[in-house]
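Q: Could we go through this model together? I would like to start with the contacts and then move on to the strands.

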Amino acid sequence: MIGRATPLPPTAATRPVAAATATFDVVVIGAGPAGAFAACLLARRGASVLLLDKARFPRDKACGGCVSAAALQTLARHDLSDIAEACGAVTTDRLHLCNSGRAATIPLPPGRAISRRQFDQALVDAARAEGALFYDGTAGRVAGPASPDAATIGVHLAGRGAAHARMVLVADGLAGGALRGGPRLDPRHRPAPRVGLGAVLATDNGAVSAGTIHMAVAPCGYVGLVRLDRDQLGIAAAVDPRCLHRRAGEADRQQAARDVIAEIAHSAGLALPPATRHAAYLHTPYLTRQVAGVAGAGVAGHRVLRLGDAAGYAEPFTGHGIAWALRCAELAVEPTLRGLDRWPAGLAHDWSEQHRRTIRPAHRQTLRVTRALRSPALTGAAMRVLAWHPRVAGLVVRHYLRERR
């Protein structure tokens with residue numbers, strides 16, 4: 001039954017304390033785009049929601065900060081399209097692609113560029129405005145139900161005791177540990193995955209033109225640059241971890257990241273602004289991964305659904321990650337509400353099938369693109385086509401970036 005839970009005792013955001021056990025309709029573990037957006041939509045529908053994140057907010061993420069047109073459409077369906085504008089996001093409508101000294105500019109459906117520090121905080125604020133309770137600096141771990149027929153599932157809250165929930169949404173990202181220990185839900189990495197690097201830099205207004213996503217592609221990875229606002233530049237990369245490891249013996253981890261990114265940009269013919277020489281990069285785990293199931297029964301998965309990156313991820317190239325996360329959260333609302341009173345026998349299968357039909361095809365398509373980019377011959381041929389037929393390229397890109405219903 002949907003209703004307001006007895007809340008945990010109020011605490012200062014920066015001072016977590018032990019909390020008495022309370023029961024919520026939904027506990028959401030992870031306050032990135034998938035988790036925060038799901039919490040917002042569920043609270044709006046009347047569910048009592050506890051949203052957790054192990055990090056202190058606001059916080060930075062290793063992400064290019066590109067909110068695509070498809071992501072904006074998802075926000076608009078729920079009257080949240082003003083979030084990006086309120087954060088001062090920059091409109092992006094062009095992709096400038098560089099490889100081996102060749103360059104092509106491709107029109108894009110208008111999106112936005114914004115730092116994850118601002119965007120994720122804005123989504124959390126929207127969830128709180130709908131009535132969700134938010135605890136940052138609080139890691140959550142699913143404890144499992146007392147029995148498969150139990151009406152709730154336990155969640156350990158680091159430093160705050162425990163809570164019970166009728167449903168748990170796990171949206172704790174690529175490196176999340178909320179479900180560790182359940183072999184059916186452990187991640188399985190695809191062959192030869194890359195790792196992500198990202199930073200937000202203070203830079204002068206003319207360093208990178210606003211409205212354009214600049215991409216440099218080379219055999220060992222690719223680098224993206226985008227203007228976030230008048231004073232900030234976002235830089236993100238997907239790189240072969242072997243390139244980082246080779247340099248790690250010669251310098252520290254940060255210098256190795258700077259060297260690899262500089263090498264990719266130089267090889268492709270993209271000029272990096274001076275601020276990148278001193279960037280402090282955040283690192284991600286392997287970018288491309290699968291999980292054995294996005295829902296399940298038994299102690300490991302009873303009353304649990306995975307969302308966003310925690311449900312599987314594919315190495316991105318044009319800012320798909322946020323769009324996938326928001327769409328996944330939107331799709332999860334109805335299954336979550338179905339599971340509140342009882343765990344229907346077919347709910348796990350239905351959610352898995354919905355995820356497979358809607359999100360995984362986009363993952364597979366993106367993987368085909370990123371794998372092709374690892375081939376110098378294919379990349380060179382594609383660059384020639386893009387340079388000769390920019391309008392055709394624009395149509396292909398629009399098809400590639402379209403929202404899948």
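A: To begin with a term, contact means heavy atoms within 4.5 Å. Among contacts in the chain between residues at least 6 apart in sequence, 74% join residues at least 24 apart. This is a predicted model, in which local features need pLDDT of at least 70 and side-chain atom pairs count only at pLDDT 80 or more, while totals for chains, interfaces and linings use all residues. Residues are numbered from 1 along each chain as its sequence is written, and side-chain values use heavy atoms, with hydrogens and water left out.

Q: What percentage of the residues in the chain is buried?

A: Of the 405 residues, 56% are buried, meaning under 20% relative accessible area with a 1.4 Å probe and protein chains only; exposed means over 50%, and partly exposed lies in between.

Q: And how many helices and strands are there?

A: The chain has 11 helices and 18 strands. These are DSSP runs numbered from the N terminus (helices: H or I, at least four residues; strands: E, at least two).

Q: Which residues touch the most other members of the largest nonpolar core?

A: They are Val26, Val49, Leu51, Phe119 and Leu307, in a core of 59 residues. Helix H7 (residues 320–338) supplies the largest share of this core, 10 residues. A nonpolar core is a set of buried Ala, Val, Leu, Ile, Met, Phe, Trp, Tyr and Cys residues joined through side-chain atoms within 4.5 Å. Another core, of 26 residues, lies apart from it and includes Val195, Leu201, Ala279 and Tyr281.

Q: What is Val26 in contact with, leaving aside neighbours within four places in sequence?

A: Its contacts include Leu42, Val49, Ala165, Met167, Leu169 and Leu340.

Q: Turning to strand S9, why is it largely enclosed by the rest of the structure?

A: Strand S9 (residues 161–170) is largely enclosed because 7 of its 10 residues are buried.

Q: Which strands pair with S9?

A: Strand S1 (residues 23–29) pairs with S9 in the parallel sense over 6 bridges; two strands pair if DSSP finds at least two bridges between them. Strand S18 (residues 304–306) also runs parallel to S9, joined by 3 bridges. Strand S8 (residues 153–157) is antiparallel to S9, with 5 bridges.

Q: What about the hairpin of S8 and S9?

A: The hairpin has 3 residues between the strands, and Gly159 takes a positive phi near 80° there. Leu157 stands opposite Gly161 in S9.
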